[in-house]
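Visitor: I am new to this structure and would like to know what stands behind the terms used for it. Please show it to me.

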Amino acid sequence: MLKVGNIKLKNPFVLAPMEGVNCLAFRLLCKEFGASLVFSPMIHVNWLVKEKTLPELIEFSEDEKPLAIQLIGNEPKTIKEAVEIIERDVPFVDIIDLNFGCPEGDVLGLKMGAYMMKHPDKIPKIVSAAVASTKLPITAKIRSGWDENSINCIEVGKMIEDAGASAIALHARTRTQVYSGKADWGLIRKLKETLNIPVIGNGDITNAKLAESMLTRTKCDMAMIGRGAMGYPFIFKECAEYYNNGKFNGNLYRPTTKERYDCIYKFIDYYHNKQKRQKFSELKQHIMWSCKWLNGAKELRVDIMKTHDEEDMMKLVEGYFVGRM
Ligand SMILES: Cc1cc2nc3c(=O)[nH]c(=O)nc-3n(C[C@H](O)[C@H](O)[C@H](O)COP(=O)(O)O)c2cc1C
């Protein structure tokens, strides 16, 4: 039985936290397509503590459970306070995840995210503060290290486990790599061999075969998928159908053009009807991602990019699909 703390997961495929991507509508869709756990985008602890509540447009729903909410911060005291705010405002949350891997300049400037991999002394204090402030499982997401000369994910992973975390996700790239090069799955395997808590492998899974490869080669407990799901929540169906009764021996599912068309409309439906946050630019971005995975849709995406309202955008989408289904 796959578990993070006391939270049971129906399969080992989880949606990675992604700021600017994982709106409620997208998380619901990934869940529906088979993701066993969805992560929120990172939420800044300092913001939460200052405002004493969640921003109105960061929305959650019981329908997306099991749900992990990710926090980013660097002080045990504010992390504790933020965990309490999340538990109060999102009483159905299942897991709180701590971000020690974000490579963005503004985050590093605040001495948060991947900065903590360079200065890991505070990490166990932050994790223990979070663990002590709630009964929910606390997890952490880390990178391989700061740069190729300071790979320390194994040591940091051990510190996080000793501090009481229930699982660790490793995006097996350094901060200096950001998203370049290949994720080093060998480090995921080493982390799994070192720790007793579940290890969630992350980096470069874009189809079910790669998910299989990650799980079998690294022996990690779960595979976390980020960019491979952008515009393609079907990846979770692909993985879940292939992973049959705990083994990779099911069907290798591929969506039809009609299913892709229907999925675009479903996303739009969820975007308008399941969440308050409404921004045409965000909606357009998701539709462009959905089109990225279609054959010969390069021009369509260029045209969609130029649109300013939903009606014009959807005329282009309709035009593309006519005669193709
Ligand atoms: C647009 C975007 C936003 C991201 N936002 C977050 C975030 O909020 N928190 C986090 O821990 N990682 C974030 N990540 C990193 C992903 O969770 C993941 O570690 C990374 O994309 C590698 O996995 P992949 O190869 O499956 O995409 C983000 C990645 C992308 C592409």
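Visitor: How many salt bridges are there between domain 1 and domain 2?

Guide: The count between domain 1 and domain 2 is one salt bridge. This is a predicted model, where local features need pLDDT of at least 70 and side-chain atom pairs count only at pLDDT 80 or more, while totals for chains, interfaces and linings use all residues. Residues are numbered from 1 along each chain as its sequence is written, and side-chain values use heavy atoms, with hydrogens and water left out.

Visitor: What makes Lys266 and Glu32 a salt bridge?

Guide: The term asks for a side-chain nitrogen of Lys or Arg within 4 Å of a carboxyl oxygen of Asp or Glu. The closest N and O atoms of Lys266 and Glu32 are 2.4 Å apart, so the pair meets the rule. In general, side chains of opposite charge can pair when their charged atoms come close.

Visitor: What are the bounds of domain 1 and domain 2?

Guide: Domain 1 covers 2–248 and domain 2 covers 257–321. Such bounds come from an automatic or database domain assignment. The C-alpha centres of domain 1 and domain 2 lie 28 Å apart. Contact (heavy atoms within 4.5 Å) takes 20 residues from domain 1 and 16 residues from domain 2.

Visitor: What is the area buried between domain 1 and domain 2?

Guide: About 1800 Å², of which carbon and sulfur atoms give 66%. Buried area is the accessible area, taken with a 1.4 Å probe, that two parts lose on being put together, summed over both.

Visitor: Why is the pair of Glu64 and Arg27 called a salt bridge?

Guide: Their side chains meet at 2.5 Å, N to O, which is within the 4 Å limit, and therefore the name applies. The pair links distant parts of the chain, with Arg27 in helix H1 and Glu64 in the loop between helix H2 (45–51) and strand S5 (67–72), 37 residues apart. Helices (H or I, at least four residues) and strands (E, at least two) are DSSP runs, numbered from the N terminus. By the salt-bridge rule the count comes to 20.
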